[in-house]
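I opened a new notebook page for this structure. I wanted to know how its parts are packed and where space is left.

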Amino acid sequence: MNTLLKPFYAVVPLSLEELFAEELKKLGIEKFRLEKGGCWFGAEMSQMMQVNLWTRYASRILLKVAEGPYRTEEDIYKLAKSFRWEQYFTPKNTFKIELSSRRSPLKSVAFTALRVKDAVCDYFRETDGQRPDVEKHDPDIRIYVHLTDKSCIIYLDTSGESLFKRGWREAKGEAPLKENLAAGLLGLAGWTPDKPLQDPFCGSGTIIIEAATIACNMAPGLNRRFGFERFRGFDSTAWQRIKKEARMAVNFDVPVNLAGSDISTLIVDRAQKNAVLAGISQWVNEGKVRFSACDAREVQPSSETPGLIVTNPPYGEQSNPKSASVASMMKNVADNLKRNFAGWAVWMLTSDRELPRQMRLKESKKIVFFNGPLECRFFRFVMTAGSNRKEDVSQKETSSD
Ligand SMILES: C[S@@+](CC[C@H](N)C(=O)[O-])C[C@H]1O[C@@H](n2cnc3c(N)ncnc32)[C@H](O)[C@@H]1O
């Protein structure tokens with residue numbers, strides 16, 4: 001076993017675990033174990049930096065520093081105090097404890113977190129004579145504690161801010177999708193940059209912008225900072241090299257056809273601005289990435305060659321959904337798609353399980369997908385001119401519930 005390998009845990013949205021494993025393999029990381037909502041992997045510190053920089057799907061990369069059984073808060077205090085924290089930070093750094101638990105018998109999460117904070121402070125006081133301060137908003141070091149019914153794992157967060165934040169978003173549309181979920185939708189839909197992509201409910205442009213950065217091979221973390229940059233002993237030379245390689249890997253000289261539209265001109269404006277902030281203004285100027293104001297009931301295909309629509313239309317929890325108006329709008333959207341988008345694969349993310357019925361379409365695939373806490377379905381409808389009325393469809397690929 002390579003002693004330089006450290007144990008990491010990636011927090012990954014449900015349904016995207018396999019896609020994340022593919023990313024690890026691409027980065028040469030072969031030792032990993034997937035579980036629901038996450039992935040354990042062994043990697044060197046420089047590989048951890050690369051995973052943070054390149055992953056499109058993970059939300060956070062954690063470094064496991066201690067693990068043990070517990071029955072009381074004092075067991076957790078001892079576990080937290082047994083780690084040599086000075087390997088990663090000093091009393092001059094600020095820190096913060098976050099705690100999550102599943103089936104823990106302990107009464108107070110807040111009190112347990114406080115005991116871990118005490119353990120870290122006591123450790124430094126005893127070894128160094130000083131203690132680090134707690135900082136709630138922008139700590140140098142984030143310590144995560146996870147409790148199950150019997151065991152406790154303590155992690156250092158290597159990511160800092162959640163990885164869905166690519167560092168470009170300023171303006172928000174209505175209910176923007178997180179960037180790692182947008183990437184996940186594109187991955188699950190099997191979109192590749194050679195295929196035209198259209199999002200007729202584009203909002204702030206997340207799906208189209210994420211697709212553009214995939215197509216030009218721009219590392220998703222190129223324009224942001226990471227938690228590991230504040231670690232003691234952080235190898236800044238290696239990090240500069242990794243970032244330089246990533247900058248050199250960006251290639252705008254490839255054909256792409258990406259189009260987003262939204263009914264709101266204000267929101268389309270924001271999507272345009274976001275595209276510039278995300279560093280793809282060259283493609284906006286060249287017309288390879290286009291945003292326009294248009295009602296999805298009237299939108300036309302963005303390319304003669306059929307491609308993919310990947311979109312999340314407005315739904316329930318977001319805009320008083322069960323409202324007849326959304327349902328009837330989606331019926332009209334479906335009529336337009338049937339009329340004008342023959343040959344296209346249409347993927348829609350919604351929390352409304354009635355969507356296929358509203359659209360009078362039978363899905364050819366559906367995937368359970370969580371948009372934050374909201375359980376959604378990611379439906380695929382294949383547009384085969386005229387033959388897609390619900391009663392006509394005889395083909396069904398997969399259906400998960
Ligand atoms: C759930 S949001 C999409 C969010 C988007 N994926 C993002 O990340 O920002 C739905 C969007 O549909 C737009 N919308 C509502 N009705 C529409 C219609 N008939 N045609 C086109 N867009 C519409 C809203 O303006 C809103 O931006």
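The entries below record what I looked up, topic by topic.

**Ground rules.** I am working with a predicted model, in which local features need pLDDT of at least 70 and side-chain atom pairs count only at pLDDT 80 or more, while totals for chains, interfaces and linings use all residues. Residues are numbered from 1 along each chain as its sequence is written, and side-chain values use heavy atoms, with hydrogens and water left out.

**Domains.** I noted that the chain is divided into domain 1 (6-157) and domain 2 (179-216 + 251-392); such bounds come from an automatic or database domain assignment. Their C-alpha centres lie 36 Å apart. I then looked up the contacts (heavy atoms within 4.5 Å): 9 residues of domain 1 touch 13 residues of domain 2.

**Cores.** I use "buried" for under 20% relative accessible area, "exposed" for over 50% and "partly exposed" for in between, with a 1.4 Å probe and protein chains only. A nonpolar core is a set of buried Ala, Val, Leu, Ile, Met, Phe, Trp, Tyr and Cys residues joined through side-chain atoms within 4.5 Å. The largest one has 98 residues, and Phe20, Phe41, Ile61, Trp85, Ile143, Leu197 and Val310 have the most contacts inside it. Helix 4 (residues 109-128) supplies the largest share of this core, 7 residues. Domain 1 and domain 2 each give this core at least three residues. I also found a second, separate core of 20 residues, with Val333, Ala334, Leu337 and Phe381 among them.

**Helices.** Helices (H or I, at least four residues) and strands (E, at least two) are DSSP runs, numbered from the N terminus. In helix 3 (residues 73-81) I list Glu73, Ile76, Tyr77, Leu79 and Ala80 as buried. Seen down the axis of helix 3, these buried residues fall within an arc of 165°, so they line one face of the helix; the arc is that of the directions from the helix axis to the C-beta atoms. They pack against strand 4 (60-69), helix 4, strand 7 (141-147) and strand 8 (151-157).

Helix 6 (residues 206-215) has 9 of its 10 residues buried, so it is largely enclosed by the rest of the structure. Among them are Thr206, Ile209, Glu210 and Thr213.

**Positive phi.** Most residues other than glycine have a negative phi. Arg360 has a phi near 55°, sits in the loop between helix 11 (355-359) and strand 14 (365-371), and is partly exposed at 44%.

On a 1 Å grid over the protein atoms alone, a cavity is a set of points where a 1.4 Å probe fits but cannot get out; a pocket is an open set with protein on both sides within 12 Å along at least five of seven lines, and lining residues have an atom within 4 Å of a point. Grid points are joined across faces, edges and corners, and a volume is the space filled by probe spheres set on the points.

How many cavities of 30 Å³ or more are there? I count 3 in the whole structure. The largest has a volume of about 70 Å³, and its lining includes Arg166, Trp168, Met218 and Ala278.

The largest pocket has a volume of about 920 Å³. Of its 31 lining residues, Tyr9, Val11, Val12, Gly37 and Ser100 are the closest to its centre. Strand 5 gives the largest share of this lining, 4 residues.
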